[in-house]
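Trainee: I would like a close look at a single strand and its surroundings. Please go through it step by step.

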Amino acid sequence: MMDRSTLSRRGFLSASAAGCGLWSLSAFAQDPLPPAIDLSLDASPKEDSLFVKEAMHYKKLDALRVECRLCPRRCQVADQERGYCGVRENRGGTYFTLVHSRACTYHVDPIEKKPLFHFLPGTNAFSIATAGCNMECKFCQNWNISQFRPEQIRSLYLPPERLVKACGETHSKSLAFTYSEPVVFYEYMFDAAAAARPAGIRPVMISNGYIEPEAMKPLAAHLSGVKIDLKAFTEKFYRDTCSGELKPVLETLRLLKSLGMWFEIVVLLVPTLNDGEEEIRQMCKWIADELGPDVPVHFSRYHPTYKIQNLPPTPERTLVRAHEIARQQGLHFVYLGNVPGHPAESTYCPGCGEVVIGRYGYHITQMNLQDGKCKKCGRAIPGVWS
Amino acid sequence: MEGTSRRTFLRRTVATSLAIPLSASFGPFAVIASRPKSRVAQVVRPGLLGGKGFAAAARIPASSLVPLVEEAVRAATGISDIQTAWMTLVRPKDVIGIKVNALAGPGLSTRPALADAIAQSLQKAGVPAGNIILWDRSSAELKRAGYPLSTAKDRVRCFGSDSLPLPYERTPEAAGSIGSCFATLVSRYCTALINIPILKDHDLSGVSLGMKNFYGAIHNPNKYHDNCCDPFIADLSTHPHLRGKLRLVVVDGLAGQYHGGPSLKPQWGFPFEGLLAGADPVAVDRIGALIIEEQRKAHKMKSLAEDGRPPRFIATAARLGLGTDQPDEIEWKKI
């Protein structure tokens, strides 16, 4: 404590300033809210005009309501509300996508990462996603984009023509709509795919397959390949773990087959939930009977994430057993995912058993295909090879 | 009640009317005590809108609404002194989040003047202005609904939870069927919540009142509209971020809507010209739903159930112990 009798004017001013600073610090420390609250709203109108376009595949109802016809949910959406996916909104009786050209992530991936093993092996896919999904898988590894609304995450303006250009810049042979759920950014995917094909880029959709046939058919005309996540083979798993339905996904697979679309299937095995041998057997039998033995099937490994964190990662032996069951059901091309170095990462000729494409992880170690045929025995190996 | 704080106990006690008929006999037909009722105060001022509907509701100044608010709070708590009444619900040190509903724009959002009136009354009761935050999920929606945004520390603040540096928690939290990232305004900053929904129906859940208004506190409400939003609305209200902090529900019924919600449909509006207030969120929603049903009946419309959207989440919330939806357990105090 300073002796008042010796306090100079300078000392007084100095002490006062220090006291004010302390008071300010004290007041700031007492404010329960963080200082950096951003009220800038100027960007919103501009963003709206860039990203918001009238949706495809919906029907207008009474009282300004709409029914979305994009996916089997058939959300009936009132004015000012959104569908389940969170990225389509009813404004005054017209339904809009909020995510056209609104990419929240992009990356150049090996095509094998999709995974597409019978599609331009060894090439790159320029991969994009927007926010949103029409399911909610409790084990979603991309939940921080799929389960959020577009205004809640950062996005970039990447219109279709920019995507095509980016493919060229990155030497990507494919443009992949992936990570979240491209069905919900249908209009963006549709326009981008339509722009990519004439430029020699192959558009591929990496999807849960939960889409109405009347939406899938026109889209398919612009796609070159599809990968479908077949979550399980029970309605219970789809309902309880994914908030979805199995039957429409099976219909999508049948449709892709009928359209002559190249497609592959991924099954993520979650311990105790969808890894039962009988279920896998029935699934593989259905695939062989309904889609044919040449459809590639990838069994993939679950890792704890999002809302299922109390289960262990899928044991390798579970994946190996699934592989055995699938081969027993007559499927020719069965792969294990997330098990780098396993022999079941490679493609084998169903005729002579030789390796036609060797892989380690996403890398091609050997290529024994010639004009889409096994080099050794000449058997045609189904896929998109050029 | 295990885990009940002194404040919560006091709040519940003064917010209910006790009906304890005692019997001198301890025989088999003795009535020992009946359950205290949940009080829902209804304060109506006929003529408040002057016959002019929604537009008039938006023009009532806050100064005219303060008396209405205070009468509702006094009636809801059963305490005649407004400062004492407020202090049974909040403390001066509380950071009070006043959750409005700004979804439907200027016509059918919680009126800014009403929110302002509540804030003014709280300040008169000793709550510093800077401790009061008018909020909804989106600053853009608040602005569109006519709220002047502000983050100044020495005044009542008004902004969307999306404007915080971290709008939502990074990990989802579970509450029954709900798994969501909560707005950090609710999870981290507010210590008390006052919920001021608007009196309106909803296309899917039947009604959009207090409990539905909390959909604005989570990042993914769009995932929870199946099955008439049941049990999702009720489950959400069980989370401690909400249940533990909610102090009062005040329903903005200056002008309500009985059909076509959640957005504005003036042709189905009605001049309720009043407020509902109560500490029991289930009871308040039940009374609000009854009022909407009465209007639908008066206008020869199907009931909500007949229209395929029964507000069944209210009964679910009662089963979860959030309050009561039974008419004989609710004191509907009309003033």
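Mentor: A residue is called buried here if 20 or more other C-beta atoms lie within 10 Å of its own. The model is predicted. With that cut-off, take strand S12 of chain A, residues 202-207: six of its six residues are buried, and the strand is mostly covered. The burial applies to both faces of S12(A). One side carries A:Arg202, A:Val204 and A:Ile206, the other A:Pro203, A:Met205 and A:Ser207, and all of these are buried.

S12(A) belongs to an open sheet of eight strands with mixed pairing, in the order S8-S9-S11-S12-S13-S14-S15-S16 of chain A. The edges are strand S8 (105-110) and strand S16 (334-336) of chain A; each has a single partner strand, so one side of each is left without a neighbour in the sheet. On average, neighbouring strands of this sheet are turned by 20 degrees against each other, direction ignored. Helix H5(A) packs on the sheet and touches S11 and S12 of chain A, and its direction makes about 150 degrees with that of S12(A).

On one side of S12(A) lies strand S11 of chain A, residues 172-177; the two run parallel and are joined by four bridges. Within this pairing, A:Ala176 has A:Val204 of S12(A) as its bridge partner. A:Val204 is also one of the buried residues listed above.

A:Ser207 has A:Ile228 in S13(A) as its bridge partner, and A:Ile206 stands opposite A:Lys227 in S13(A).

Another open sheet has three strands in the order S2-S3-S4 of chain A, with antiparallel pairing. Strand S2 (58-60) and strand S4 (76-77) of chain A stand at its edges with a single partner strand each, so one side of each has no neighbour in the sheet. Strand S3 of chain A, residues 66-68, pairs with S4(A) in the antiparallel sense over two bridges, and A:Glu67 stands opposite A:Gln76 in S4(A).

A:Tyr238, A:Thr241 and A:Cys242 are buried. These three cover an arc of only 105 degrees around the axis, which puts them on the same side of H7(A). An α-helix has 3.6 residues a turn, so residues three or four places apart point the same way. The face turned away from the buried side of H7(A) carries the exposed residues A:Glu235, A:Lys236, A:Arg239 and A:Asp240. Just after H7(A), A:Ser243 takes a positive phi of about 55 degrees.

The axes of helix H3 (residues 62-77) and helix H5 (residues 112-124) of chain B come within 8 Å and cross at roughly 65 degrees, in a right-handed crossing. Among the residues that meet there are B:Leu65, B:Val66 and B:Val69 in H3(B) and B:Leu114, B:Ala117 and B:Ile118 in H5(B).

Technical notes: Residues numbered from 1 in each chain as written. Chains lettered and ligands numbered in written order. Predicted model: local features only at pLDDT ≥ 70, side-chain atom pairs only at ≥ 80, totals over all residues. Buried ≥ 20, exposed ≤ 12 C-beta atoms within 10 Å, placed from the backbone. Pairing = 2+ DSSP bridges. Arc of directions from axis to C-beta. Axes fitted to C-alpha atoms, helices over the stretch in contact; angles between N-to-C directions. Left-handed = near helix turned anticlockwise from the far one by under 90°. Contact = placed C-beta atoms within 7 Å.
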